[in-house]
Amino acid sequence: MSTRTLTVSAAQLGPVPRSATRAETLARLIRLLEAAAAEGAELVVFPEAALTPFFPHWLVKDEVELRSYFEEDIPGTGTQALFDAARTLGVAFVLGYAERTRDERQFNTAAFVDENGRVIHRYRKVHLPGFRDFQPGTPFQNLEKKYFEVGDLGFGVQAWRNTRIGLAICNDRRWAETYRVLALAGAEVVCLGYNTPASNPHLPESDNLTDFHNHLSMQAGAYQNSMWVIGTAKAGTEEGVSQIGGSAIIAPSGEIVAVARTLDDEIVTAEIDLDMVIRYRRDVFNFSQHRRPEHYTSITRPGA
């Protein structure tokens with residue numbers, strides 16, 4: 001019988017139109033937080049860039065518009081209500097947002113906020129996909145390299161209650177190194193928000209595999225590192241770009257234990273067994289006994 005359990009929710013968000021105000025979007029997030037709390041959630045995971053449409057999907061020419069998509073302070077005047085709601089409900093959450101620092105640097109960021117409404121951990125996206133320059137002739141853009149710097153905080157892990165939480169964002173989920181580094185730091189739960197188009201203009205042959213690859217990458221990361229993964233989508237057609245859903249809670253066995261059924265605002269909740277992490281790490285992999293990092297130098301020291 002497990003002695004450690006945690007009730008978690010993936011708070012999938014439908015499309016956020018360009019015309020939406022921050023207050024309107026925040027009200028949706030608060031409704032999702034309240035719905036998750038009503039289902040017993042202690043931790044809620046929101047998508048990548050949850051406060052705005054995913055603006056890297058087009059070329060933003062107006063500087064005032066571009067700045068409006070970034071948060072200089074979390075919480076700030078435009079987001080304080082979400083933090084207040086979390087404190088009132090006693091629920092922790094992970095929020096993805098576009099961050100502009102005081103020295104004008106820009107990152108694709110996620111914050112872990114505890115049940116008292118305090119930011120206790122931040123992560124800045126490391127694996128930025130896409131391009132720095134406008135791509136003519138494509139139906140939509142992916143200009144993350146134009147609007148964001150590569151994250152500079154590394155893959156840190158935060159102790160919280162009786163577990164350890166790691167954060168990742170979207171494209172990070174496709175990289176095996178993301179999960180392994182978090183696992184080596186002791187993460188038992190990885191919270192991961194994403195905005196993923198249903199099609200790839202540069203590799204259309206993969207379009208029918210998009211949903212499969214989404215779950216495959218998270219399930220493989222969960223199983224190979226014996227950890228829970230909570231993946232949360234921004235879904236539906238947003239500013240002409242069709243985005244996948246498939247928000248899921250995935251066990252250390254690699255099994256999906258709960259999954260979204262729509263492309264709109266939706267709560268996916270499960271009670272997770274944290275001791276399952278220990279059992280799988282001990283009885284399936286036994287990393288300390290069987291890993292051979294001396295043979296992995298081509299990854300850890302390229303060219304060595």
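This is a predicted model: local features need pLDDT of at least 70, side-chain atom pairs count only at pLDDT 80 or more; totals for chains, interfaces and linings use all residues.

Me: Is Thr178 buried or exposed?

Reply: Thr178 belongs to helix H5, residues 176-184 (helices, H or I of at least four residues, and strands, E of at least two, are DSSP runs numbered from the N terminus). Leaving aside neighbours within four places in sequence, Thr178 is in contact, meaning heavy atoms within 4.5 Å, with His127, Phe155, Ala168 and Asp172. Buried means under 20% relative accessible area, exposed over 50% and partly exposed in between, with a 1.4 Å probe and protein chains only. Because its relative accessibility is 0%, Thr178 counts as buried.

Me: Which parts does the salt bridge between Arg28 and Asp265 tie together?

Reply: A salt bridge is a side-chain nitrogen of Lys or Arg within 4 Å of a carboxyl oxygen of Asp or Glu, and the side chains of Arg28 and Asp265 meet in one at 2.6 Å, N to O. The two residues are 237 apart in sequence, so the pair ties together helix H1 (residues 22-38), where Arg28 lies, and, on the side of Asp265, the loop between strand E14 (256-259) and strand E15 (266-273).

Me: With which residue does Glu99 form a salt bridge?

Reply: Both partners of this pair, Glu99 and Arg124, are buried. The closest N and O atoms are 2.8 Å apart in the salt bridge that joins Glu99 to Arg124.

Me: How is helix H6 oriented relative to helix H7, roughly parallel or roughly perpendicular?

Reply: Helix H6 (residues 210-225) and helix H7 (residues 275-285) pack with their axes 8 Å apart and at an angle of about 75°; axes are lines fitted to C-alpha atoms, for helices over the stretch in contact, and angles run from 0 to 180 degrees between N-to-C directions. Angles under 35 degrees count as roughly parallel, over 145 as roughly antiparallel, 65 to 115 as roughly perpendicular and the rest as oblique. H6 is therefore, relative to H7, roughly perpendicular.

Key
Residues are numbered from 1 along each chain as its sequence is written. Side-chain values use heavy atoms; hydrogens and water are left out.
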